[in-house]
Every structure is written in structure tokens, then in C-alpha cells.
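The exercises below are meant to be worked through with the sequence and the model open side by side. Try each task before reading the solution that follows.

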Amino acid sequence: MELDKHYSPQQVEDKWYSYWMDNGFFDSTPDEREPYTIVMPPPNVTGVLHMGHMLNNTIQDVLIRKARMEGKNACWVPGTDHASIATEAKVVKMLAEKGIKKSDITREEFLGYAWEWKNKYGGIILEQLKKLGASCDWKRTRFTMEEDLSNAVIDVFIKMYKDGLIYRGTKIVNWDPAGKTTLSDEEVIYKENNSNLYYVTYLFTEQTKKTFNNEIGGLQVATTRPETIMGDVAICVNPNDERYKELIGKTVIVPVVNRVVKVIADEYIDIEFGTGCLKVTPAHDENDYKIGEKYNLEIIDVLDDDGKIHERAGAYVGMDRFACRKQIVKDLEEQGLITKTEQIKNTVGHSERTDAVIEKKISTQWFVNMQDYMKRYPQVLSDVMNDEISFHPSKFKNVYKHWLDNIKDWNISRQLWWGQRIPAWYDEKGNYVVAKTEAEAHALFNNNAYKAPLADNSNLIERHTNQDTQNVQHSTDEGHINTLRNLTQDADVLDTWFSSWLWPISVFDGLKEGDKKDYQYYYPTNDLVTGPDIIFFWVARMVMAGYALNGQKPFSNVYFTGIVRDKLRRKMSKSLGNSPEPMDLIAKFGADGVRMGMLLSSPAGNDILFDETNVEQGRNFCNKIWNAYRLIAGWQIVKDEAVSADIIASNALANQWFEMKYQTAVNDILQAFEDYKLSEALMTIYKLIWDDFCSWYLEMVKPVYGEPINESTLTQAKNNLEKVLTLLHPFMPFITEELYHVLYEGQPTKPMIVNAYPKMDNSIASIDDRALQIITEIRNIRNNKGLSPKVAFEVIIKTEQEAIYKAWETTIGKLANVSAILYNAAKPEKCLTTLIGTDEIFIPFAEAIDEAAEMKKMQEELTYLEGFLKSVDAKLNNDRFVSNAKPDVIEKEKQKRADALEKIEKLKHSLTQNNN
RNA sequence: GGGGGCUUAGCUCAGCUGGUUCAGAGCAUCUGCCUUACAAGCAGAGGGUCACUGGUUCGAACCCAGUAGCCCCCA
């Protein structure tokens with residue numbers, strides 16, 4: 001059979017993926033074996049695969065495949081996230097394209113469209129992962145909004161509410177005017193911005209003027225947000241600010257609305273910033289809100305949910321907030337009330353999902369009480385700090401700690417429809433209960449177990465009545481319900497992360513009544529592989545959920561991948577067009593090549609600078625392996641008796657030598673896995689295969705052209721190929737499975753995917769291979785002198801350990817084209833000299849030898865060695881070194897000294913001989 | 001403003017608890033080869049004052065302090 005020179009991944013990848021699937025190798029059910037579990041960070045259900053997913057899932061697949069080969073019960077659970085905001089935004093956009101406005105349809109209708117959309121596009125991403133070779137247990141695929149998982153979310157909400165960890169409160173929150181929902185602090189991205197700082201004059205009231213004898217007419221207030229002037233309820237200065245001491249307690253007039261407000265004093269004010277006067281707008285700034293609370297100021301929210309000016313503002317009503325800013329500036333300028341405009345850099349919060357500028361807003365929402373949470377479950381922090389849950393790389397422990405030390409309450413309600421609806425029920429007066437069903441809610445009301453409405457939830461009630469009166473569903477359950485009250489369920493849904501944080505538990509139905517066999521077997525999971533960007537969103541919260549819901553950690557190790565960037569360090573993004581299409585890459589280079597390309601350049605936690613040449617390297621590596629197989633497959637076989645004893649012995653030695661290289665590599669690789677240094681592990685395999693296996697071992701045992709190979713050598717070569725393929729399989733599953741099968745004519749004892757992974761072994765005998773240096777030495781000489789490899793050399797070795805070289809004679813002859821090796825013969829007249837250890841090697845070389853150059857080379861080496869010796873001697877003669885250094889260090893130094901002395905002597909000897 | 005991290009060959013990065021036969025790897029570069037497994041290849045080579053300054057030490061890429069530059073997170 002003629003094999004192509006190039007490996008074609010396309011022909012084999014689909015075949016093996018189906019084979020693995022059809023034979024159930026990815027499936028896992030609890031048994032007596034040790035489990036090894038990974039839950040996939042669920043991608044957005046309507047997302048498409050990007051390079052970050054590729055990296056992330058490649059790493060997970062490497063880990064899971066290795067565990068499977070080690071005989072563990074490997075279980076990798078895939079799934080998708082409903083991604084509340086992102087998905088809802090997509091559906092809204094899709095509907096808008098059809099001419100349907102969300103506000104014109106009911107919640108049920110909207111959800112109908114959303115599910116339709118989800119069923120159509122959902123899960124494409126998982127199909128794409130299959131192309132990558134991901135060996136997930138697809139039968140376990142979960143979705144965060146499927147019935148069981150949603151139930152778990154609701155149950156957890158109710159439990160935490162009862163436990164006092166969840167409360168309803170009125171606070172200043174983040175408002176996304178594009179998504180029309182509140183956001184948690186984590187969903188707000190602060191970006192640096194060039195802003196105008198306007199110096200606005202607030203005129204004094206007549207009374208205030210009098211105290212200043214009418215000499216001063218007003219004060220200057222610096223603001224970047226003049227459109228919130230209508231919400232100003234005070235001016236605040238620092239009590240230590242000499243400039244304004246007189247003003248404290250006096251009144252000034254807010255421009256535009258001519259509201260009379262007081263000047264108050266608080267240490268919080270930065271004297272240096274602007275004019276040192278702050279306009280206090282409690283509805284639109286967190287710090288102003290705090291001041292407002294402290295001094296009991298009125299709250300005037302001038303914006304509506306769209307970010308337009310609300311009627312409450314009393315001016316510019318209906319205008320967009322940014323248009324309004326421009327208009328107010330223009331109007332105030334005309335009135336001469338803006339005295340100065342300054343360019344400054346400040347940071348402005350944007351919505352993570354919609355990128356809209358966030359507004360701070362007073363609102364009644366549901367929160368998780370984090371301070372309390374951490375008091376109850378201190379392991380959330382301590383178990384990460386003491387490596388009970390171990391972070392790779394560990395530097396993220398600091399980030400984690402810092403966040404938890406400064407944690408704030410988590411706003412979990414979202415004004416959306418796509419998600420788990422909050423199980424809270426309100427009566428007409430706004431009294432509320434938390435209950436799973438309307439019937440239970442009625443029961444609670446009837447027992448008077450409800451809470452009174454919060455002071456400031458008028459907005460919310462308004463919203464409920466507007467949106468939901470038409471679709472309140474009354475339970476018809478048995479008619480026991482006291483329907484005197486007309487109950488309405490909370491219109492809001494829960495933050496997506498409020499379901500994701502249960503993921504490692506809920507995918508095994510750990511929160512569901514009934515059979516917990518899977519949960520008990522697989523949980524806690526072993527490794528989590530994710531990006532550092534969701535360390536707070538997700539990683540920290542899974543740890544929280546783990547300890548709160550069952551007192552157990554969710555996983556033992558967290559591997560933080562880097563962010564995939566292009567080679568100019570820019571983030572990959574659609575708008576920049578610098579992100580390759582993963583499916584195209586796989587089609588072009590093969591999944592194995594892409595996997596290797598991603599892994600090679602991505603040590604844990606470092607950003608990966610994606611460059612297609614990395615993937616090319618991966619593809620080339622596949623080709624190299626393919627050709628190693630072609631070589632072995634092409635040999636003609638003869639019985640051992642048919643070849644010379646020398647060859648048999650030489651090949652046996654080569655095999656031993658490779659065994660040593662192999663086991664050393666295995667030990668290094670397993671250690672690298674322990675340390676979660678996957679790219680290092682892969683690099684070690686790469687070098688083992690390319691250098692040790694192909695360049696050395698195969699060249700050693702390769703018969704001269706046209707000659708056959710003896711049976712035992714072929715068997716060894718095949719075994720060795722199998723070994724390196726096995727080692728490589730977790731990284732490059734397709735080519736290794738393919739070659740393993742063809743190597744054994746389609747009849748391997750078991751498929752590669754479950755072939756046993758090698759183990760640590762430190763007992764392997766070391767083979768003295770210093771004789772091989774002669775090969776490199778001679779190749780180097782040929783290169784330097786421009787000699788063809790066809791010209792054979794003789795070599796004279798001056799040594800007391802002939803055996804070391806004798807064993808390798810055949811190999812040296814073959815790889816360096818050496819015709820004869822003489823031991824301890826006289827040094828020829830004309831020759832090149834080199835040292836291997838302390839043995840002298842002479843290579844007779846009649847033509848055009850540059851004596852002077854040779855001498856110079858030797859002289860240089862001598863100088864170096866003498867300098868080296870000097871430094872070693874200096875140490876050994878230093879009493880403080882001898883008394884302070886560890887014994888083995890001193891021993892090493894002594895050995896260095898002895899070696900150097902011997903070499904120096906030999907060099908001197910050669911130099912004097914040449915001089916004669 | 002607060003916190004964390006980084007700075008080692010042209011590029012991307014390894015260098016554990018300080019001991020110069022440890023300054024290393026891959027890629028890139030250069031030289032010579034189409035040697036019937038592989039030019040997606042073979043053989044060989046050249047690249048670094050380990051950011052800077054000072055300190056600790058018998059000894060510093062590694063520990064400490066300061067300086068400069070870069071990055072990330074938080075407010």
C-alpha cells in the first residue's frame with residue numbers, strides 16, 4: 001500500500017470521533033473506580049465557538065483523556081447557559097427585525113419566541129466542540145434553564161431567603177438603559193473616558209447674598225454630568241475648606257429648575273477636585289446617595305428607564321440623557337452660567353453586555369447578603385488560601401482574596417423575561433411573600449406570614465401592574481386557595497450567575513429530591529478550567545454555593561487559562577476581525593494541529609498570543625509522526641538470524657537508550673501535569689518524538705536502504721511508536737488513535753482512548769551515551785569544512801573506557817559515516833582534536849587543515865577552563881564558603897575542579913604536541 | 001486613588017527552597033543539504049551586562065530597597 005507523504009487529518013478525524021461515540025467511550029456511570037470529573041463552563045446557548053472556547057476545551061479534553069487512560073472513571077459534563085441578558089437582547093433584536101416590539105407582546109409570547117430561537121440556534125457551539133475532539137459525556141448535556149435546573153434555582157432562592165441570606169431592599173444599583181435592567185457590580189466595566197468638566201454657577205439666594213454684602217453672586221460647581229442638575233438637592237463642601245466656611249448652612253439656587261438648596265459640609269469632599277464644591281444628586285451617584293442618606297436629603301430621579309429625562313425633572317422632559325447634556329450646556333452658556341470647561345480623564349461604567357453607559361439608580365431589588373454569607377461560610381476564603389481548593393497559577397489567590405475582603409451585596413434581580421422568574425408574590429398593597437407556587441403564597445398570606453412593602457417601591461408596583469395584570473395565572477389547584485387577595489408574581493428574573501453558581505451541583509441533580517447516586521459519586525468535581533475574567537462572576541460564587549448548600553467545595557483545582565489575543569496582543573474581537581474562525585482552522589490544519597497550536601503557547605494564566613504559525617507547527621508535527629509511521633510500515637522483515645549479531649546488539653542498545661529517554665520524559669511529563677503545566681508537558685513529548693524518537697532512535701535502527709529489518713527490532717520499534725503515541729494521545733487524540741490502529745493492522749488490543757497511560761518510574765537504568773557526541777562532532781566538522789556526508793572518516797579515541805565507545809560503534813559508523821574506530825593509537829600527524837569528557841578524540845584529516853585556527857580554538861578553551869578553575873579554586877580556598885556551604889555543594893565544586901584540571905592537562909598536552 | 005503582577009536571546013516563554021560545566025526551550029535567523037520516512041524535511045551554527053541602581057551574602061537571574069517601563073484587577 002502506497003502511503004501519501006502528507007498526513008490528511010480530514011479523512012480520519014470524523015471517523016474516530018464517531019467510533020468513540022458509537023462505542024460509548026465518553027459515557028460515564030458511577031462504578032467502583034475512582035471518579036475524575038470536570039464540568040464544562042457552560043457557553044452561552046446561542047453563542048458560537050471562539051478561540052477562547054477552543055483553548056479552554058482543549059485543556060479540559062487533555063485532562064479528561066489522560067484521566068480516562070489512567071483507568072479513572074472520567075466524566076466531563078457539557079452544557080449551555082441561558083445567558084439571560086445576552087440571549088434576551090438577541091431575541092429582542094430578532095423580533096425587532098420582524099417588526100415586533102417587546103412591549104407589544106405578553107411575557108408568554110415573548111418566551112415562546114425565545115424558546116423557539118434557543119431550540120434553533122442553541123447548542124451549535126456544542127456541535128462545534130465535537131470537531132475539536134471534546135470527549136464529553138454528551139448524554140449528560142444540561143441547560144441552565146431546563147426544568148430541573150430551574151427548579152433547583154428557585155429552591156435555592158427560597159432556602160436562602162428563609163435563611164436570611166437573600167433580602168429585598170432599596171438601594172442605589174446599576175441600571176443599564178439599553179438592556180433596561182439592573183446589573184450586579186461585576187457586570188459593570190469601567191472604561192477610561194475623555195470628559196468635559198463644566199464649571200457651573202449656582203447663584204446665591206437673596207438671603208445668602210446679603211450675608212456677603214451682595215459682593216458675591218454665586219459659587220462655582222464642577223460637574224461632568226450637567227444633565228442631572230435637575231436632581232440636585234444640596235451643595236456639599238469640605239468643612240476644612242477655608243474658601244467656603246462662611247457658606248455652610250446658606251442657600252443657593254440650582255440652575256434650570258431654580259430649586260433652593262442648602263450648602264452642607266462633609267469630610268468626604270476632595271478640596272482639590274474641581275472647585276471643591278460638589279453638587280449632591282443622590283439619585284445618580286453612589287457617593288451622593290450616601291451623603292443624601294446621612295443628611296436625609298430628598299431623592300429626585302430625573303431619568304426614566306430608557307435613559308431619557310423623566311417628568312420629575314421638570315425640564316427637558318423626554319430628551320435623551322446625552323442630548324440633554326449638550327442642550328443644558330448650551331443653554332447655561334447662553335445664560336452665562338458656565339464659566340469654564342475643562343478636559344479631564346475619568347472612568348465611566350459600561351454594561352458588560354450592551355456596552356451602554358450605566359446609570360446609578362435607586363431601586364428596590366433582591367440581594368444576597370454577602371457580608372453575612374462570608375461570616376457563615378468562611379471556608380469560601382480560607383479553603384482557597386490554604387490550597388484545599390488550589391488555583392493554578394496561584395497568583396489568582398490574591399485577586400480572589402481582595403475581592404472577598406471588599407465584597408458587597410449581590411443584586412440578583414434582572415428586569416428581563418428570559419430566566420428563572422423570582423418566586424415572590426405581591427398583593428395589591430405590595431405586601432409580599434416568597435413561595436414556590438401561588439398556592440403556597442396564598443397560604444403564607446393567609447397565615448399573615450408576609451412582609452410589608454418597602455418604603456420606596458412605587459416604581460416597581462407600577463411596573464408589575466402595567467406588565468402583568470393581563471397574564472396573572474391563578475392556580476386552580478383544588479379550590480382551597482383563598483383568592484380574596486389578587487396575587488401577582490414578581491416580574492423579574494434572576495441573574496444568570498444565580499443559576500450558574502449551582503452548576504457543579506445541579507448537573508448531577510444534587511439539589512433535586514430523589515436519587516443522589518451521581519451526585520454522591522462525582523461531586524466534588526476535580527478540576528475546573530476557566531478564564532480569569534469570570535473569577536468573581538462564577539468561580540467564587542460556585543465556591544460560595546458549594547459551602548452554603550452542602551458544606552463541600554465544588555472542585556479541587558482551578559486552572560485559569562489566559563485570554564486569547566492576536567500576536568499584537570490585541571483581544572480577539574469580531575469588530576477588529578482579528579479572530580480566526582475556529583472551524584476553518586480545523587478544516588485547514590486538522591483538530592490535532594489546532595489543539596497543539598493552542599497549547600504550545602499557553603502556560604497557565606498567561607495570555608496566549610495566537611499566531612497561525614503555531615497551528616502550522618502542530619500540523620507539521622502530525623506530519624512528522626505520520627512519516628515515522630510510514631518508515632516503520634515500509635520495512636521488509638526478516639528473522640533475527642538473517643542479520644549480523646552486531647546489528648542485533650546495536651539495535652538492542654538503541655532500544656535501551658530510547659527506553660531511558662522515554663521514561664525520563666514520562667517522569668517529566670507526569671510532573672508537569674501535577675503542576676498543571678500542560679504546555680510544558682506537550683513540549684516534552686514533542687521533543688521526545690521529534691528528536692529522540694525520530695532523529696536518533698529511528699536513525700539508529702533504520703536499515704541501510706533496501707535492506708530488511710530483523711523481527712525483534714521491528715517489534716521494538718513498533719512498541720516504541722505505540723508508547724509515544726500513547727503519551728501524546730490526550731493532546732492529539734485523532735492521529736494517535738489512527739496510527740495505533742494501522743500500526744497493528746486494525747487489531748490493537750484496545751483502542752488508544754483507553755490504552756493505559758504510563759506511570760512514574762525512577763528505577764530505569766541509565767545508559768552511557770556520551771559516545772554519541774562523536775556523531776555531532778563529526779557532523780559539525782563536515783559542515784565547517786564543507787565535506788559531503790559521503791566521505792567516510794576514521795576516528796582515534798584515547799580513553800581508558802573503550803567499552804563505552806565499542807557498544808556504540810555500529811551506530812557511530814552509520815550516523816556519522818565513520819569507517820573505523822581505533823583505540824589509543826598514536827595521534828596522527830594531521831588531525832582535528834576534540835574532547836569528550838576527558839577522553840581525547842582525534843580525527844585524521846589530511847587536507848587543508850588550518851593549524852593556526854585549531855590551535856586558537858584550543859587556546860581559547862584552555863583560557864576559559866583556567867578561568868573557570870580559578871573561580872572554583874577561589875571558592876574552595878575560601879574558609880567561609882567551605883564552612884557555610886552545604887556538603888554536597890562542596891563535593892560538586894571539588895568534582896568540577898578535578899575535571900577541569902584533567903581537561904587542562906590534556907589540552908596543554910595537545911597544544912605542545914602540535915607545536916612540535 | 002487602592003491592590004496584584006511583570007521586565008531573561010529577534011519573538012513567546014522556562015528557570016523550584018540563592019551555589020557559573022544552568023543562563024535554557026520552542027519559534028524565527030544564518031550556513032550547507034532535494035541523503036528514497038518526512039523540504040510541512042535533514043545536518044550544523046550564531047544570538048542574552050537575566051530592565052536600571054544600590055544593598056544583603058563567601059556567592060545573586062533568584063533575597064531586600066529604590067528607580068523606570070508595561071500589564072491586570074478593584075473603586
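## Exercise 1: a covered helix

In helix α20, the residues A591, D592, G593, V594, R595, M596, G597, M598, L599 and L600 are buried, where buried means under 20% relative accessible area, exposed means over 50% and partly exposed lies in between, computed with a 1.4 Å probe on protein chains only. This is a predicted model, in which local features need pLDDT of at least 70 and side-chain atom pairs count only at pLDDT 80 or more, while totals for chains, interfaces and linings use all residues. Residues are numbered from 1 along each chain as its sequence is written, chains are lettered from A and ligands numbered from 1 in the order in which they are written, and side-chain values use heavy atoms, with hydrogens and water left out.

Task: decide how far helix α20 is enclosed by the rest of the structure.

Solution. Helices (H or I, at least four residues) and strands (E, at least two) are DSSP runs numbered from the N terminus, and α20 covers residues 591-600. Because 10 of the 10 residues of this helix are buried, α20 is largely enclosed by the rest of the structure.

## Exercise 2: the surroundings of strand β31

Task: find which strands pair with β31, and state how β31 is covered.

Solution. Two strands pair if DSSP finds at least two bridges between them. Begin with β30 (residues 831-836), which pairs with β31 in the antiparallel sense over six bridges, T834 standing opposite I841. These two strands form a hairpin with two residues between them, and G837 in the turn has a positive phi of about 65°. Next take β28 (residues 793-798), which runs antiparallel to β31 and is joined to it by three bridges; here K798 has E840 as its bridge partner. Finally, β31 (residues 839-844) is mostly covered, with five of its six residues buried.

## Exercise 3: contacts with RNA strand B

Task: describe the protein surface near RNA strand B and its polar contacts.

Solution. A residue is near the strand if one of its heavy atoms lies within 4 Å of it. Of the 46 residues around RNA strand B, K624, F868, R880, K896 and D899 come nearest. The surface divides into 15 nonpolar, 15 polar and 16 charged residues, with Ala, Val, Leu, Ile, Met, Phe, Trp, Tyr, Cys and Pro counted as nonpolar, Asp, Glu, Lys and Arg as charged, and the others, Gly among them, as polar. On the RNA side, 61% of the atoms within 4 Å of the protein belong to sugar or phosphate, and the rest to bases.
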